[in-house]
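Please look through the sequence and the model together. The paragraphs that follow lead from one part of the chain to the next.

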Amino acid sequence: MHFSYNKLWKLIIDKNLSKKDLSTLSGVSATTLSKLKKGANVNTDVLLRICNALNCDISDIAEFVK
């Protein structure tokens with residue numbers, strides 16, 4: 001079981017943003033975004049900052065995959 005962040009990547013495409021834009025808006029480093037891209041574990045503070053930057057809920061950027 002793991003988290004998938006595919007919804008995040010779709011959302012930033014829909015909002016016409018790049019990963020660099022997301023990093024700037026949220027204050028999340030490129031290294032941490034790379035971890036998200038690989039589906040690695042990240043701190044919940046990272047997810048909160050991304051949700052605040054994109055004005056969305058956690059269910060809009062992540063999903064639990066069995």
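On one side of helix 3, Ala 30, Thr 31 and Lys 38 are exposed. This description, like the rest, concerns a predicted model. The buried residues of helix 3 are Thr 32, Leu 33 and Leu 36. Around the helix axis they span an arc of only 100 degrees, and therefore lie on the same side of helix 3.

What do the buried residues of helix 3 pack against? Their partners are helix 1, helix 2 and helix 4. Thr 32, one of the buried residues of helix 3, has a relative accessibility of 17% and counts as buried because the cut-off is under 20%. Leaving aside residues up to four places away in sequence, Thr 32 touches Val 42 and Val 46. Just after helix 3 comes Gly 39, which takes a positive phi of about 80 degrees.

The next topic is the nonpolar core. The largest such core has 18 residues, and those with the most contacts inside it are Tyr 5, Leu 8, Leu 36, Ile 50, Leu 54 and Ile 61. Helix 1 (6-14), helix 3 (30-38) and helix 4 (44-54) each supply at least two residues of this core. Which helix gives the most? Helix 4 does, with five residues. Ile 61 shows how parts of the chain meet: when residues up to four places away in sequence are not counted, Ile 61 touches Ser 4, Tyr 5, Lys 7, Leu 8, Leu 11, Leu 47, Ile 50, Cys 51, Leu 54 and Cys 56. Three of the residues in that list may be picked out, namely Tyr 5, Leu 8 and Ile 50, which are also among the residues with the most contacts inside the core.

Ile 50 is also touched by Ser 26, as are Arg 49 and Ala 53, again not counting residues up to four places away in sequence. Ser 26 lies in helix 2 (residues 19-26). Is Ser 26 buried or exposed? Its relative accessible area is 9%, so Ser 26 is buried. The side chain of Ser 26 reaches the backbone oxygen of Leu 22 at 2.7 Å.

Aromatic rings come next. A pair of aromatic rings is described by the distance of the centres and the angle of the planes. The structure holds one aromatic pair. The rings of Phe 3 and Phe 64 have centres 5.8 Å apart and planes at 70 degrees, so this pair is edge-to-face. The pair links distant parts of the chain, as Phe 3 belongs to strand 1 (residues 2-4) and Phe 64 to strand 2 (residues 63-65), 61 residues apart. Phe 3 is partly exposed at 43% relative accessibility, and Phe 64 is partly exposed at 47%. Another ring, that of Trp 9, has the charged end of Lys 19 sitting over it, 5.6 Å from its centre.

Finally, Ser 59 is found in the loop between helix 4 and strand 2. With a relative accessibility of 39%, Ser 59 counts as partly exposed. Its side chain is joined to that of Asp 57 by a polar contact of 3.0 Å. Ser 59 and Val 28 are 31 residues apart in sequence, and their C-alpha atoms are 19 Å apart in space.

Notes
Residues numbered from 1 in each chain as written. Heavy atoms only, no water. Core = buried A, V, L, I, M, F, W, Y, C linked by side-chain atoms within 4.5 Å. Buried < 20%, exposed > 50% of the residue type's maximum accessible area, 1.4 Å probe, protein only. Helix = DSSP H or I, 4+ residues; strand = E, 2+ residues; numbered from the N terminus. Contact = heavy atoms within 4.5 Å. Polar contact = N/O pair within 3.5 Å; in protein donor to acceptor, adjacent residues only side chain to side chain. Phe/Tyr/Trp six-rings, centres within 6.5 Å; stacked < 30°, edge-to-face > 60°. Lys NZ or Arg CZ within 6 Å of the ring centre and 35° of its normal. Arc of directions from axis to C-beta.
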